[in-house]
Amino acid sequence: MLTGSTGAGKSSTINALFNMDVAKVGVGVDPETSIIEKFILDNLVIWDTPGLGDGVENDERISRSILEKLNELDEDGNPLIDLVVVVMDSSSKDLVTSYELINNILIPALGDDEKDRILLALNQADVAMEGTHWNEETNSPDEVLKVFLKKKADSVRNRIKEATGLSIRPIFYCAGYKEEGGEQRKPYNLTKLLYYIIKSVPKDKRLALADNINNDEDNWLHDDKETDYKEKIKSSFGETMWDCITDGFDAGVEIGGNILGIPGKIVGATVGSAVGAVKEVFVTIFNR
Ligand SMILES: Nc1nc2c(ncn2[C@@H]2O[C@H](COP(=O)(O)OP(=O)(O)OP(=O)(O)O)[C@@H](O)[C@H]2O)c(=O)[nH]1
Ligand SMILES: [Mg+2]
């Protein structure tokens, strides 16, 4: 589920990460997403929530529906929502709406494992300093902007720690600005965001993400290079596969039926070829 203030870039983030222009991005002055929207991409379900901060009455209604969704269980009795990504606008001087959402709604609602099920994402890194210190050519921040963004991330973490005791470090990135009728600009640090999303969802569900990742390789070009995110993403899938295989027969069935959409039971060589297919996805996207 994606949550956050209105105009932070939730819908843009969905479109950057996944393989279709599914979520309507705002180009006017009004909030674009007005009810919780459900996108079903094969085995992956994404909930795009309306933005908070556009009137108290609206906020109460939206908060209530977010809370309801967070309390829903799937048919196995597990929480329906695996992960909540809070999208924040790093150019905004006032993140109070986001703090209230995180501290008063999300953290209390998510229970014991709250830290693992919330990801804080500071979007719009390109305009965090009014558009200055952004290098258009390399599509990345210069050193001054990097320092600014790190400070911003620290201050967000501190505000949440003071209120809840939890220490969660936000990731800064850029989903990409979209002009009316135009194409969405290329993202920055989307590899990092994806890596943390993958790490945060249950292992047996990670492959559902692989199936739907945006296959425009330009979306995955620019990141902070603090580590090799692409390599880490690849190995996190390898590990998932390996765990499923070594966990035995049932996991094989799960890979076939639920995750890769292959009907019936698959084990052994078939699992092997499924592993190959998923690896292929990443080779196409990441190693051009
Ligand atoms: N400069 C810049 N603009 C962005 C970025 N991401 C999104 N935007 C712009 O911010 C505006 C709002 O984006 P949306 O994706 O519609 O935001 P939202 O959070 O879904 O908004 P609501 O549905 O109204 O809550 C649009 O004009 C986007 O093009 C970014 O990384 N950089
Ligand atoms: Mg939206």
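This note sets out numbered points on the packing, charged pairs, aromatic pairs and backbone of the structure shown above.

1. Basis of the note. The model is predicted, and local features need pLDDT of at least 70, side-chain atom pairs count only at pLDDT 80 or more, and totals for chains, interfaces and linings use all residues. Residues are numbered from 1 along each chain as its sequence is written, chains are lettered from A and ligands numbered from 1 in the order in which they are written, and side-chain values use heavy atoms, with hydrogens and water left out.

2. Helices α1 and α5. Helices (H or I, at least four residues) and strands (E, at least two) are DSSP runs, numbered from the N terminus. The axes of α1 (residues 10-17) and α5 (residues 190-200) approach to within 11 Å and cross at roughly 90°; α1 is therefore roughly perpendicular to α5. Axes here are lines fitted to C-alpha atoms, for helices over the stretch in contact, with angles running from 0 to 180 degrees between N-to-C directions. Angles under 35 degrees count as roughly parallel, over 145 as roughly antiparallel, 65 to 115 as roughly perpendicular and the rest as oblique.

3. Residues at this crossing. From α1, T13, A16 and L17 meet L190, L193, L194 and I197 of α5, where contact means heavy atoms within 4.5 Å. The residues of the contact of α1 with α5 comprise 6 nonpolar, 1 polar and no charged. In this scheme Ala, Val, Leu, Ile, Met, Phe, Trp, Tyr, Cys and Pro count as nonpolar, Asp, Glu, Lys and Arg as charged, and the others, Gly among them, as polar.

4. In one of them, K150 and E226 meet at 4.0 Å, N to O. K150 belongs to helix α4 (residues 143-164) and E226 to the loop between α6 (206-210) and α7 (229-246), so the pair links distant parts of the chain, 76 residues apart. K150 is partly exposed at 39% relative accessibility, whereas E226 is exposed at 51%. For these terms, buried means under 20% relative accessible area, exposed over 50%, and partly exposed in between (1.4 Å probe, protein chains only).

5. K192 forms a salt bridge with D224, with 2.9 Å between the closest N and O atoms. This pair also links distant parts of the chain, K192 being in helix α5 and D224 in the loop between α6 and α7, 32 residues apart. K192 counts as buried at 12% relative accessibility, and D224 is buried at 10%. Salt bridges that share partners join K150, K192, D224 and E226 into one network.

6. The side chains of D154 and R157 form a salt bridge at 3.5 Å, N to O. These residues are separated by about one helical turn, because they stand 3 residues apart in helix α4. D154 is partly exposed at 26% relative accessibility, and R157 is partly exposed at 24%.

7. Aromatic pairs. Rings of Phe, Tyr and Trp (its six-membered ring) pair if their centres lie within 6.5 Å; planes under 30 degrees apart count as stacked, over 60 as edge-to-face and the rest as tilted. The whole structure holds 2 aromatic pairs. W134 and Y188 are edge-to-face, at 5.5 Å centre to centre and 90° between the planes. W134 lies in strand β6 (residues 134-135) and Y188 in the loop between β8 (171-172) and α5, so the pair ties together parts 54 residues apart in sequence. W134 is buried at 12% relative accessible area, and Y188 is buried at 0%. Y195 and Y196 are also edge-to-face, at 5.5 Å centre to centre and 70° between the planes. Y195 is buried at 10%, while Y196 is partly exposed at 29%.

8. Surroundings of T3. T3 lies in strand β1 (residues 2-4) and is buried at 0% relative accessibility. Leaving aside neighbours within four places in sequence, T3 is in contact with K10, T49, I66, V84, V85, V86, V87, L101 and L106.

9. Positive phi values. Most residues other than glycine have a negative phi. N139, in the loop between β6 and β7 (140-141), has a positive phi near 50° and is buried at 13% relative accessible area. N189, in the loop between β8 and α5, has a positive phi near 65° and is buried at 1%.
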